[in-house]
Amino acid sequence: MALRIEADHPSLPGHFPGDPIVPGVVLLDRVAAAIERDGGVLQRIHSVKFVAPLRPGEDAVLTLARDGARVRFRIERNGVAILAGEGELA
């Protein structure tokens, strides 16, 4: 699923003025919303690793892989991981 956080997102002002990055909580909110659209509810995040920043206006891709009550998620930009994690569905 395509993912893009525009420069006018309300979380961005003050989040590193002059060198803005999308806060991790915003990315995790998009993960939770995607899981809900897929018919699940994210109950708990067991692990998440942020490996690269996402800048406002950059295109990224969010993928989900469900296995019973477990869900793995990943956000990539140009095939390179921005974050990867695993959680539990309700």
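Trainee: What should I keep in mind before I start?

Mentor: Residues are numbered from 1 along each chain as its sequence is written, and side-chain values use heavy atoms, with hydrogens and water left out. As this is a predicted model, local features need pLDDT of at least 70 and side-chain atom pairs count only at pLDDT 80 or more, while totals for chains, interfaces and linings use all residues.

Trainee: Let's begin with the sheet. What is the order of its strands?

Mentor: Here is the general idea: strands of a sheet pair through backbone hydrogen bonds, either parallel or antiparallel. Strands (E, at least two residues) and helices (H or I, at least four) are DSSP runs, numbered from the N terminus, and two strands pair if DSSP finds at least two bridges between them. In this structure, five strands form an open sheet in the order β1-β3-β4-β5-β2, with antiparallel pairing.

Trainee: Which strands stand at the edges?

Mentor: Those are β1 (2–4) and β2 (42–50); each has a single partner strand, so one side of each is left without a neighbour in the sheet. From one strand to the next, the twist averages 25°; for such angles, axes are lines fitted to C-alpha atoms, for helices over the stretch in contact, and angles run from 0 to 180 degrees between N-to-C directions.

Trainee: How many bridges join β1 to β3?

Mentor: Three bridges join β1 to β3 (residues 59–67), and the two run antiparallel. You can follow the pairing residue by residue: Leu 3 stands opposite Ala 60, and Arg 4 stands opposite Asp 59.

Trainee: And how many join β3 to β4?

Mentor: Seven bridges do, with β4 covering residues 70–77 and again an antiparallel run. Ala 65 in this pairing stands opposite Arg 72. The hairpin of β3 and β4 has two residues between the strands, and Gly 68 takes a positive phi near 65° there.

Trainee: Now for charges. How many salt bridges does the structure hold?

Mentor: The rule is a side-chain nitrogen of Lys or Arg within 4 Å of a carboxyl oxygen of Asp or Glu. The structure holds nine. One of them brings together the side chains of Asp 59 and Arg 4, at 2.8 Å from N to O. Asp 59 lies in β3 and Arg 4 in β1, so this pair ties together parts that are 55 residues apart in sequence.

Trainee: What do Glu 88 and Arg 44 form?

Mentor: Their side chains meet in a salt bridge, 3.3 Å from N to O. This pair links Glu 88 in strand β5 with Arg 44 in strand β2, 44 residues apart. Salt bridges that share partners also join Arg 4, Glu 6 and Asp 59 into one network.

Trainee: How do I read accessibility, and is Glu 86 buried or exposed?

Mentor: Buried means under 20% relative accessible area, exposed over 50%, and partly exposed in between (1.4 Å probe, protein chains only). Glu 86 has a relative accessible area of 17%, so Glu 86 is buried.

Trainee: Where is Glu 86 found, and what does Glu 86 touch?

Mentor: Glu 86 is found in strand β5 (residues 80–89). Contact means heavy atoms within 4.5 Å. Not counting residues up to four places away in sequence, Glu 86 touches Ile 45, His 46, Ser 47, Arg 70, Val 71, Arg 72 and Phe 73.
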